[in-house]
Amino acid sequence: MNWKTEYQLRDMPVDQRLGLTCKKCGLYQAQTVAELLTAFAPTTYPDEVEAALTCRKWGCKGALRLEVTNDAKLEGFQGGLA
Ligand SMILES: [Zn+2]
């Protein structure tokens, strides 16, 4: 099961922090689901967020890898939905 295509942003806690790591330069940034909702529709899948965003570093524009920053919290959230 891939959480990136299993859930939409609206299914996740708004305070859930997601990490975005640039595959090219390694720049790391974290955003909460609430922050992502200011730029994306609630029905957006994390997979689509990952594909839409690029590295913030000037001139890089590398692809990002999206991951959950707190595994314990995601487990609890998945358990809650099961
Ligand atoms: Zn980068």
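Colleague: Why does threonine 21 count as partly exposed?

Modeller: Threonine 21 has 18 C-beta neighbours inside 10 Å. A residue is buried if 20 or more other C-beta atoms lie within 10 Å of its own, exposed if 12 or fewer, and partly exposed in between, with C-beta atoms placed from the backbone. The value 18 falls between those limits, so threonine 21 counts as partly exposed.

Colleague: What kind of model is this, and which pLDDT limits apply?

Modeller: This is a predicted model, in which local features need pLDDT of at least 70 and side-chain atom pairs count only at pLDDT 80 or more, while totals for chains, interfaces and linings use all residues. Residues are numbered from 1 along each chain as its sequence is written.

Colleague: How many helices and strands does the protein chain have, and how are they defined?

Modeller: There are four helices and three strands. They are DSSP runs numbered from the N terminus: helices are H or I with at least four residues, strands are E with at least two. Along the sequence the pattern reads α-β-β-α-α-β-α. Both arginine 17 and threonine 21 belong to strand S1.

Colleague: Which strands are called edge strands, and why?

Modeller: The open sheet has the order S2-S1-S3 with antiparallel pairing. Strand S2 (28–32) and strand S3 (64–68) are the edge strands, as each pairs on one side only. The twist averages 25° from one strand to the next, with axes taken as lines fitted to C-alpha atoms (for helices over the stretch in contact) and angles running from 0 to 180 degrees between N-to-C directions.

Colleague: How do you know that the side chains alternate along S1?

Modeller: Leu18, Leu20 and Cys22 point to one face and are buried.

Colleague: What makes a set of residues a nonpolar core, and which residues form the largest one?

Modeller: The set must consist of buried Ala, Val, Leu, Ile, Met, Phe, Trp, Tyr and Cys residues joined through C-beta atoms within 7 Å. The largest has 10 residues: Leu9, Met12, Leu18, Leu20, Cys22, Val33, Leu36, Val49, Cys55 and Leu64. Strand S1 (17–22) and helix H2 (33–37) are the elements giving two or more residues to this core, and S1 gives the largest share, three residues.

Colleague: Which residues does threonine 21 touch, and what counts as a contact?

Modeller: Two residues are in contact if their C-beta atoms, placed from the backbone, lie within 7 Å. Leaving out residues up to four places away in sequence, threonine 21 touches Gly26, Tyr28, Leu64 and Arg65. With the same exclusion, valine 49 touches Leu36, Phe40, Thr44 and Leu66.

Technical notes
Two strands pair if DSSP finds at least two bridges between them.
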